[in-house]
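Subject: Structure for you to look at

Hi,

Here is the structure I promised to send over. Please open it alongside this email, and my notes follow below.

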There are 2 protein chains.
Amino acid sequence: MQRATPQEFSRVLSSMCTEPHPDARAAAERFLATNPGDPGTYETIADIEHEVVAQLGEMVSLPEPAGYVTSGGSEANIQALRIARNRADTDEPNVVAPTSAHFSFHKAAGMLGLELRTAPLDDEYRANTTAMVELADEDTVAVVGVAGTTEHGRVDPIPEIAAIAEEVGALCHIDAAWGGFHLPFTDHEWDFADAPIDTMTIDPHKLGRAVVPAGGLLARSDELLDALAVETPYLESRSQATLTGTRSGAGVASARAALDALWPGGYRDQAERGQANADWLAAALEDRGCSVVDPELPLVAAEVPEKTFEALREMDWRISRTGNGALRVVCMPHVTRETLQAFVDDLDRQE
Amino acid sequence: MQRATPQEFSRVLSSMCTEPHPDARAAAERFLATNPGDPGTYETIADIEHEVVAQLGEMVSLPEPAGYVTSGGSEANIQALRIARNRADTDEPNVVAPTSAHFSFHKAAGMLGLELRTAPLDDEYRANTTAMVELADEDTVAVVGVAGTTEHGRVDPIPEIAAIAEEVGALCHIDAAWGGFHLPFTDHEWDFADAPIDTMTIDPHKLGRAVVPAGGLLARSDELLDALAVETPYLESRSQATLTGTRSGAGVASARAALDALWPGGYRDQAERGQANADWLAAALEDRGCSVVDPELPLVAAEVPEKTFEALREMDWRISRTGNGALRVVCMPHVTRETLQAFVDDLDRQE
């Protein structure tokens, strides 16, 4: 393995993952060979997983959380819809979500045989709840809101979305995979204290600074998770609610270490730095005549000419686009002001 | 993270995972913060993944393999059935598998809306293919065989199972999650050279000695994987066939390092040692009057009294049972002759 070097994060502006916290890395290395998917055999790591779930519950105002550490946000979103489908009594189940919902919801709908009904966004890139009301009916098994959208970092009106779910007897699932470690330090209404939410995705391996794989699925009660249980002969434990079976203890242990190190003060500092950097970049791009979506969370979307975008990629900036082609920069903890200054300098050289 | 110690493997006789190879551990640590699920951003690890798939293809006699490194055998089995379902043209899809198939097939069937039809085993704990023929029909989308069953380590008659699949126009999926790194050194007929197999599960993080998560899904052609593609806006790449989205580069890099270090000589030695240990344990248990299933692969199932089983668990032996209650010992690389001698000595103290 001498020849290959790991990707450096210094020019990565597109990823929702980041450099893990040093404590998270060390914990991952210690627990590389454990499997929380077999808690009867690997007791220590299973206990640590319970602690991670409890801490995530504290972050989202859910005093007695159920849940587990998933392989990532995709698994958590798939599992949330699977809970909703398994509990519902309909032959033609559907899910209502905004068009800003992550592509894992499309994957989940395809796998689970759910019709995915997507509502347009309002002028502020948030879910249009009037449209969601119209889409929801007695066959709706889940209504989804996003707290920190992948494209624009916007927070949907979560209390209104939970009310729509309640109205049609569906579960309310909130995808806070990326936003969940930032939102506790904002005024947004997004968590279990703000609305009758049933399940939530919140990923330690994104802004939580754990190592991959450490996603998070939280549920209001154990009874919701029971909808996923599959019997497990020949393990020392009796049943399993996860999607993946064998799982990485490294991700779980690293999540615990990151939470120990950073909750709440470290995450608060990180949130403030990330937001300040996003505001700075947004202003810099506006100064240069770009149309910019105001970064409510630390994510900047701005229209730049195609030629400029390609030239920046040629200079090895790892950048990506929103669905309608805008430049998208995620101000993760590894993205410093110096990095953004260098990026803007390179942008200036193109124009 | 000072207080918790990782599980030691010394008394773990129940797991299909094992101590990773030192090179695998080192590679995992280097690539902890990479994501092969976003190959446009993380190029190096994506290249390494292609190499792992190529090497797995070599192991199973598939010269131009398609596939990827999954989170484990469960994801690979789910994805194989998802390919089969997505390609088939039926409103009432079913899957035919032996009762020895891993519980992930039940999970997959539930998720994907497939009827799982299970065929009984023959007297040798292999799939009864006469029963499978009767279960298969025009709505069958996949016929499953197991090469190294979880309970008894048996290899189903793979060429016959592939013929059944062909007969009804279904895909043939082989689950070699555990057995795949042992079977190349045996006379069994189980791989792509022996039968027209379409997809296979083969996990580096079991006998391959990579770190979790490093499962493997192989497919005869890229076209099969295309049945899984979901569009991925806002990544640098355009579509994604995996279940989990963001994935661990650590697992991928560790699989490459383990294969570099051990294929083929190291795996051959390990296979011989494991088999010799299983044969020794089987003989020792038979000498003590237990009824033992002859270990064709390095896995011993033997009937021991309930009281004895519980007493051994009390002595901190990590052991599990087959579905009908027999003691089940998996002779993984970390299970030495000394360990087994100590286990048998403790058994003797109970009787």
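One term before the sheet: two strands pair if DSSP finds at least two bridges between them. Strands (E, at least two residues) and helices (H or I, at least four residues) are DSSP runs, numbered from the N terminus.

This is a predicted model, in which local features need pLDDT of at least 70 and side-chain atom pairs count only at pLDDT 80 or more, while totals for chains, interfaces and linings use all residues. Residues are numbered from 1 along each chain as its sequence is written, chains are lettered from A and ligands numbered from 1 in the order in which they are written, and side-chain values use heavy atoms, with hydrogens and water left out.

**The sheet**

Chain A has an open, antiparallel sheet of four strands in the order β10-β11-β13-β12. Its edge strands, each pairing on one side only, are β10 (292-293) and β12. In chain A, β12 pairs with β13 (residues 327-330) in the antiparallel sense over two bridges. Opposite A:L327 in β13(A) you will find A:R321.

**The two domains of chain A**

The assignment, whose bounds come from an automatic or database source, gives domain 1 (22-262) and domain 2 (265-350). Their C-alpha centres are 28 Å apart. Domain 1 puts 23 residues into the contact (heavy atoms within 4.5 Å) and domain 2 puts in 20.

About 2,000 Å² is buried between these domains, with 61% from carbon and sulfur atoms; buried area is the accessible area (1.4 Å probe) that two parts lose on being put together, summed over both. On the domain 1 side, A:H182, A:F185 and A:L262 supply 30% of the buried area, more than any other three residues.

Two salt bridges (a side-chain nitrogen of Lys or Arg within 4 Å of a carboxyl oxygen of Asp or Glu) link the domains. A:E296 and A:R154 also meet in a salt bridge, at 3.8 Å from N to O.

**Chain A against chain B**

Here 72 residues of chain A are in contact with 72 residues of chain B. The buried area is about 6,200 Å², and carbon and sulfur atoms give 57% of that. How many salt bridges are there between chain A and chain B? The count is zero. On the side of chain A that touches chain B, α1 (22-30), α2 (43-59) and α8 (249-262) are among the elements that each supply at least two residues.

Best wishes
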